[in-house]
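These are my notebook entries on one structure.

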Amino acid sequence: MASLFHLGFTLQRKFLERYFIFFDSVDYFNLFNTFGTLFAMHYDAKGLRKLLWTAYRTLYVLSYLSYWYKAGWMFNHWEYNTASANVLGALGLCSGAFLRMILFEHHYPDLKQLQRFLNDRTYQGSDPSWARERRSRLYRHNNRFLVLLVSAIVLESLCFLARLLLTRREFMLQYNGEVVGGSLLQIVYGTVTAGWGIVYVLSFIVFYMLIEGFRLEMEILVHSFQQLEDSLLIKHGEFIRTGLPMGEGNELAFWSDLKHRLNERIRRHVELLQNLRKLRSIVAPFAFLQYYSTFGLIADSFFIVSFEGFSGYSMAYVLFASFLILESFLLSRGVEHLTELNLQIGTALYEFDWPQLLRYSTRFRREYNGIRRTMLLTIVQSQRSLKFNYGAQEQISMNSFAELMQKSYSMLTFMLQLGR
């Protein structure tokens with residue numbers, strides 16, 4: 001017994017050290033990649049392991065095709081009841097998860113490149129300890145959130161499995177409207193069906209983690225811009241505060257130092273914007289699918305609730321609808337935070353003490369003009385929208401989330417009236 005307790009304690013400690021203790025070379029996405037392998041998102045191994053994993057993923061595809069078959073048979077023998085809504089809802093969920101999986105695989109090289117960029121923590125601005133503490137906090141926060149959300153959706157899926165997938169005929173494996181196979185086959189089939197719900201949520205988490213990573217790097221960059229003035233005063237303050245003319249050597253050192261510090265920050269800003277442009281191109285189709293599939297799945301959940309009432313049966317739908325709403329909220333809030341931080345870069349430069357720190361000098365007028373022009377261009381660039389869209393012109397924002405909630409409420413009201 002003592003040896004088993006010691007083994008369990010050792011495994012727990014190794015798990016915590018691997019996924020919750022931050023060090024400079026840690027991979028932000030290590031835990032996500034583990035869950036991704038476990039729930040058939042992606043696996044980088046080769047050979048026999050990859051072959052076994054592919055066979056495991058094939059179970060998901062076969063389960064998905066079986067729901068297309070059930071939906072086709074149902075339309076040929078249509079009955080207006082909750083069983084039909086269950087089949088259509090399950091097919092919609094599996095379709096959404098399947099399309100998300102395809103998007104994930106299609107953009108996987110770009111996603112890995114973005115992950116490598118965020119895992120490169122060489123830029124630390126003017127306060128390395130501050131930046132390291134924030135990155136450590138993000139690492140622990142993301143992994144706690146990932147464990148909490150996956151645990152919640154797994155628990156919800158198990159409840160769904162026990163209360164619905166193994167008790168309702170429409171969720172069982174069928175042929176010509178008749179249930180086929182024994183109990184073991186139905187358990188495997190129901191478990192894989194529940195797995196689609198986990199895949200649906202898990203495929204969102206990678207975008208949440210990427211957006212949170214870019215939010216932190218943008219926050220570190222904003223902090224370094226805000227510290228630009230103080231760092232110059234620390235090094236050159238004895239000349240700046242007096243207002244007296246500098247010697248040529250001291251003035252040259254000041255302009256060279258300012259140019260170096262400013263260019264370092266601007267290069268980082270350009271790198272962030274370039275990678276955000278790549279993230280934007282990946283998020284756009286995902287957000288489009290996420291917005292409209294969320295509305296459709298919420299409508300199906302409300303349809304079930306309106307006819308079944310708030311029972312143990314319908315609560316599974318309510319809980320999953322809550323996950324969908326949480327997805328939309330986190331995506332909208334994350335994009336808004338990125339936009340606000342980008343604007344703060346321009347604000348930090350605007351609040352820079354230009355009269356005191358950028359005094360015109362005939363000897364160094366080229367440096368003076370060049371730095372002013374660079375700062376003005378950066379201010380203008382920071383005022384531009386990051387343009388994260390989920391449609392042709394529809395931008396992701398808290399306004400779009402509010403619209404989704406308004407439409408969902410209207411749908412709920414309509415369904416409740418229809419149920420009466």
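**Entry 1. Cysteines**

I began with Cys-159, which is partly exposed at a relative accessible area of 42%; I take buried as under 20% relative accessible area, exposed as over 50% and partly exposed as in between, with a 1.4 Å probe and protein chains only. The model is predicted, so I note that local features need pLDDT of at least 70, that side-chain atom pairs count only at pLDDT 80 or more, and that totals for chains, interfaces and linings use all residues. Residues are numbered from 1 along each chain as its sequence is written, and side-chain values use heavy atoms, with hydrogens and water left out.

Cys-94 counts as buried because its relative accessibility is 1%. I searched the whole structure for disulfides (pairs of cysteine sulfur atoms within 2.5 Å) and found zero.

I then looked from Cys-94 to Ala-194: the two are 100 residues apart in sequence, and their C-alpha atoms are 9.6 Å apart in space. Ala-194 is buried, with a relative accessible area of 10%, and has its place in helix α7.

Helices (H or I, at least four residues) and strands (E, at least two) are DSSP runs, numbered from the N terminus. Helix α7 covers residues 183-226, 44 residues in all. I checked its length against the expected span, which is 1.5 Å times one less than the number of residues. Helix α7 is mostly covered, as 37 of its 44 residues are buried.

Helix α5 has twelve residues and reaches 16 Å from its first C-alpha to its last, close to the 16 Å expected. I listed the buried residues of α5 as Tyr-108, Leu-111, Lys-112, Leu-114, Gln-115, Phe-117 and Leu-118.

**Entry 2. Cavities**

Grid points are joined across faces, edges and corners, and a volume is the space filled by probe spheres set on the points.

I found four cavities of 30 Å³ or more. Of its 19 lining residues, Ala-90, Leu-93, Phe-160, Tyr-317 and Phe-320 are the closest to the centre. Helices α4 (82-106), α6 (128-165), α7, α9 (248-308) and α10 (312-350) each supply at least two residues of this lining, and the largest share, five residues, comes from α4.

I sorted the linings by class: Ala, Val, Leu, Ile, Met, Phe, Trp, Tyr, Cys and Pro count as nonpolar, Asp, Glu, Lys and Arg as charged, and the others, Gly among them, as polar. The lining of the largest cavity divides into eleven nonpolar, six polar and two charged residues.

The second largest cavity holds about 70 Å³ of space. Its lining includes Ala-287, Tyr-291, Ser-328, Tyr-390 and Phe-401. The elements that give two or more residues to this lining are α9, α10 and α13 (398-419). By class, the lining has seven nonpolar, four polar and no charged residues.

**Entry 3. The largest pocket**

The largest pocket has a volume of about 300 Å³. Among its 16 lining residues, those closest to the centre are Trp-73, Met-74, Ala-83, Glu-170 and Gln-174. Two or more residues each come from α3 (48-76), α4 and β1 (174-175), and α3 gives the most, with four. The lining comprises six nonpolar, six polar and four charged residues.

**Entry 4. Aromatic rings**

Rings of Phe, Tyr and Trp (its six-membered ring) pair if their centres lie within 6.5 Å; planes under 30 degrees apart count as stacked, over 60 as edge-to-face and the rest as tilted. The whole structure gave 24 aromatic pairs.

How are the rings of Phe-117 and Phe-214 paired? Their centres are 5.8 Å apart and their planes at 20°, so the pair is stacked. The pair links distant parts of the chain, with Phe-117 in α5 (residues 108-119) and Phe-214 in α7, 97 residues apart. Both Phe-117 and Phe-214 are buried.

The rings of Tyr-291 and Tyr-292 have centres 5.0 Å apart and planes at 80°, so this pair is edge-to-face. Tyr-291 counts as buried at 6% relative accessibility, whereas Tyr-292 is partly exposed at 42%.

I also recorded one aromatic cluster, formed by Tyr-56, Tyr-60, Tyr-64, Trp-68, Phe-98 and Trp-196.

Conventions
1 Å grid on protein atoms, 1.4 Å probe; cavity = no way out; pocket = protein on both sides within 12 Å on 5 of 7 lines; lining within 4 Å.
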